[in-house]
Amino acid sequence: MKVLIVEDEEEMADLLAEGLRRQGLSVDVARDGVQALEHAAAAAYDVVVLDRDLPVLHGDAVCRTLNATRHPARILMLTASGSLAERVEGLNLGADDYLAKPFAYTELIARIHALSRRGSGSQRTVLERRGVVLDIHRHLAERDGRLLRLSPKEMIILELLLAAKGGVVTHGDLLDEAWEEAVDPRSTVVKVAIHGLRRKLGDPPLIEAVPGIGYRL
């Protein structure tokens, strides 16, 4: 397994690298965000252990860039804050896992191995049509390279439309898949959600209504 450690605290980076090498892993170290992207461009890492608070280029920017360039590595983000808001924000940036400092070394090792297993044997499920790209595993969507900030329901709706490859997704299917709670079929919730998704996708319009049936992309 090939791992990139991105950590500006030299002592911590060296300790982590030494420990992982004892485990039989191939390890490189980057001291800032720019170095991290240079390493990532030159090698296909299995896991990137990414400190969030980096000099030169912030860890958030590194995470976004790795996702935008579809680097195959799984990202384990490290941070000094373990608050729920920080964890959610990190995962929304595209990190696969999140670990707050201080952490137990054994937990770090376990998470790295878990991420590597998750990445082996299969590629990320990515759907694409008309410039719209959806990475299902990472919950990331973009149009023509522009990141789309979608709600969970909008993500599900977009996934269904992309998976249909231009076919019609019925109103009933959208209700069944995107709404866990029972919803009156006569409700306008689907129409409202489609309106919000259209607005976020921008122009030219991509979602077409098929009267009395549903929608297609």
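1. On one side of helix 2 in this predicted model, the residues Glu38, Ala41 and Ala42 are exposed. The buried residues of this helix, which spans residues 33–42, are Gly33, Ala36 and Ala40, and because they cover an arc of only 50° around the axis, they are on the same side of helix 2. An α-helix has 3.6 residues a turn, so residues three or four places apart point the same way.

2. The cover over the buried residues of helix 2 includes strand 1, strand 2 (26–30) and helix 3. At the start of helix 2, a side-chain oxygen of aspartate 32 comes to within 3.0 Å of the backbone nitrogen of valine 34.

3. Strand 3, made of residues 47–51, is mostly covered, with 5 of its 5 residues buried. Val47, Val49 and Asp51 point one way from the strand, while Val48 and Leu50 point the other way, and all are buried. In a regular strand the side chains alternate between the two faces of the sheet.

4. Strand 3 pairs in the parallel sense with strand 1 (residues 2–6) over 4 bridges, and valine 6 has leucine 50 of strand 3 as its bridge partner. With strand 4 (residues 74–79), strand 3 again pairs in the parallel sense, here over 5 bridges, and aspartate 51 stands opposite leucine 78 of strand 4. Strand 3, helix 3 (residues 59–68) and strand 4 together make a right-handed β-α-β unit.

5. Aspartate 97 deserves a separate look. This residue lies in strand 5 (residues 97–100), and it counts as buried because its relative accessibility is 18%, the cut-off being under 20%. The side chains of aspartate 97 and arginine 111 are joined by a polar contact of 2.8 Å. When neighbours within four places in sequence are left aside, the residues in contact with aspartate 97 are Ile75, Leu76, Met77, Leu91, Arg111 and Leu115.

6. The largest nonpolar core has 25 residues, and those with the most contacts inside it are Ile157, Leu161, Leu197 and Ile207. At least two residues of this core come from each of strand 7 (132–135), helix 6 (152–163), helix 7 (171–178) and helix 8 (189–201). A second, separate core has 19 residues, among them Cys63, Ala73, Leu93 and Ala95. In soluble globular proteins, nonpolar side chains tend to be buried together.

7. Which residues is leucine 161 in contact with, leaving aside its neighbours within four places in sequence? The contacts of leucine 161 are with Gly166, Val169, Leu197, Ile207, Tyr215, Arg216 and Leu217, and Leu197 and Ile207 are also among the residues with the most contacts inside the largest nonpolar core.

Note on methods
Residues are numbered from 1 along each chain as its sequence is written. This is a predicted model: local features need pLDDT of at least 70, side-chain atom pairs count only at pLDDT 80 or more; totals for chains, interfaces and linings use all residues. Side-chain values use heavy atoms; hydrogens and water are left out. Buried means under 20% relative accessible area, exposed over 50%, partly exposed in between (1.4 Å probe, protein chains only). A polar contact is a pair of N or O atoms within 3.5 Å; within protein, one must be able to donate a hydrogen and the other to accept it, and residues adjacent in sequence count only if both atoms are side-chain atoms. Contact means heavy atoms within 4.5 Å. Two strands pair if DSSP finds at least two bridges between them. A crossover is right-handed if, with the strands pointing away from the viewer, the path from the first strand over the helix to the second runs clockwise. A nonpolar core is a set of buried Ala, Val, Leu, Ile, Met, Phe, Trp, Tyr and Cys residues joined through side-chain atoms within 4.5 Å. The arc is that of the directions from the helix axis to the C-beta atoms.
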